[in-house]
Structure formats: structure tokens, C-alpha cells
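Here are some notes for you to read alongside the structure. Please keep the sequence open while you go through the numbered points.

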Amino acid sequence: MVGEKRRCGPVEFRTLKYFLTVAREENITRAAALLHLTQPTLSRQLMQLEEELGCPLFVRTPKGVQLTGEGETLFRHVSAGLEQIRQGEKKLYEQVNLESGEICVGASDMTLQFFLLPYLEAFHREYPCLLYTSDAADE
């Protein structure tokens with residue numbers, strides 16, 4: 001493996017989650033239980049990942065596993081990436097459930113004041129976290 005150039009192809013997201021869980025637990029058996037996998041299945045997945053990437057990610061010891069330097073590098077990047085994905089899912093959830101976002105209402109001053117205002121106030125009570133703006137047009 002040393003000195004051998006490897007082409008890094010795409011790694012399955014599921015496999016990266018397995019890697020993160022093992023790295024955090026520092027124990028394949030505990031990680032397997034958390035992931036609802038058998039220990040041999042998880043070990044095989046990790047070995048395949050190491051083979052795909054062309055480097056060892058863990059040092060296996062009688063008490064568990066420790067990240068290698070390469071494993072530390074991958075862990076930092078994958079952890080940050082997973083956090084970005086979680087933040088994206090959270091933002092999407094908030095938008096879909098009208099817990100965040102922005103609504104811009106375009107109408108004339110008269111329409112806003114005499115017709116839409118009660119509806120907008122009721123909507124704001126229902127969804128207080130949304131940002132409301134208006135683009136009032138002159139009549």
C-alpha cells in the first residue's frame with residue numbers, strides 16, 4: 001500500500017456512517033450493536049473501505065480500535081460533512097413545516113391595510129418564526 005497511488009472513487013454514505021460510529025465508539029462490537037449490524041459484517045465493511053481508500057484507517061488492538069493518521073484526517077472531514085448534512089436537513093424541515101423562511105407579500109397599501117392585514121396577523125400568530133416583508137405598490 002505504501003507508495004502505491006490509489007484512485008479514490010465515491011464511497012457510500014452508509015459506509016462513512018459506519019466509519020464514524022466505529023471511530024467514536026473505539027470498539028467495533030459496540031459500534032455494530034449501535035448500528036444494528038453483526039460485528040463480522042461491520043468489520044468487513046471497514047476492511048472494504050480501507051481497501052477502497054488504499055490505507056489503514058484503524059489500528060486494531062485487543063481492547064478496540066484507534067484511528068491512524070489517515071483515519072484522523074478522514075474522521076475530521078466526514079464529521080464536518082455529516083454535520084453540514086444534518087444542518088441542511090434541519091433547515092429543510094423548518095422550511096417545509098413553516099418554522100423558518102421568509103414571506104414577501106406584494107400588494108398595494110390599501111389592499112395590505114384594509115384587506116390582507118387581518119389575514120397576515122393571523123398567519124403570523126400561527127407561524128411566528130417566519131420573516132414577513134411587504135412590497136407595497138402605489139395605487
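1. E50 has a relative accessibility of 9%, so it counts as buried; the word means under 20% relative accessible area, whereas exposed means over 50% and partly exposed in between, with a 1.4 Å probe and protein chains only. E50 has its place in helix α3, and, when residues up to four places away in sequence are not counted, it touches C55, P56, L57, F58 and R60, where contact means heavy atoms within 4.5 Å. Helices (H or I, at least four residues) and strands (E, at least two) are DSSP runs, numbered from the N terminus.

2. Please bear in mind that this is a predicted model, in which local features need pLDDT of at least 70 and side-chain atom pairs count only at pLDDT 80 or more, while totals for chains, interfaces and linings use all residues. Residues are numbered from 1 along each chain as its sequence is written, and side-chain values use heavy atoms, with hydrogens and water left out.

3. T15 belongs to helix α1 and is buried, its relative accessible area being 8%. If its neighbours within four places in sequence are left aside, T15 is in contact with Q45 and L49.

4. The axes of α1 and helix α3 (residues 39–53) cross at roughly 110 degrees and come within 10 Å; axes are lines fitted to C-alpha atoms, for helices over the stretch in contact, and angles run from 0 to 180 degrees between N-to-C directions. This makes α1 roughly perpendicular to α3, a term for angles of 65 to 115 degrees, while those under 35 count as roughly parallel, those over 145 as roughly antiparallel and the rest as oblique. On the α1 side the contact is made by R14, T15, Y18, F19 and V22, and on the α3 side by L42, Q45, L46 and L49.

5. Helix α4 (residues 69–96) also packs with α1, at an angle of about 115 degrees and with the axes 10 Å apart. Here F13, L16, F19, L20, A23 and R24 in α1 meet G71, L74, F75, V78, S79, L82 and I85 in α4. The residues of this contact of α1 with α4 divide into 10 nonpolar, two polar and one charged, where Ala, Val, Leu, Ile, Met, Phe, Trp, Tyr, Cys and Pro count as nonpolar, Asp, Glu, Lys and Arg as charged, and the others, Gly among them, as polar.

6. How many aromatic pairs does the structure hold? There are four aromatic pairs, and rings of Phe, Tyr and Trp (its six-membered ring) pair if their centres lie within 6.5 Å, with planes under 30 degrees apart counted as stacked, over 60 as edge-to-face and the rest as tilted. The rings of F19 and F58 have centres 5.5 Å apart and planes at 55 degrees, so this pair is tilted. It links distant parts of the chain, since F19 lies in helix α1 (residues 13–25) and F58 in strand β1 (residues 58–61), 39 residues apart; F19 and F58 are both buried.

7. F115 and Y119 also form a tilted aromatic pair, 5.6 Å centre to centre and with 55 degrees between the planes. Because they are four residues apart in helix α5 (residues 109–126), about one helical turn separates F115 and Y119. Y119 is exposed, with a relative accessible area of 55%.
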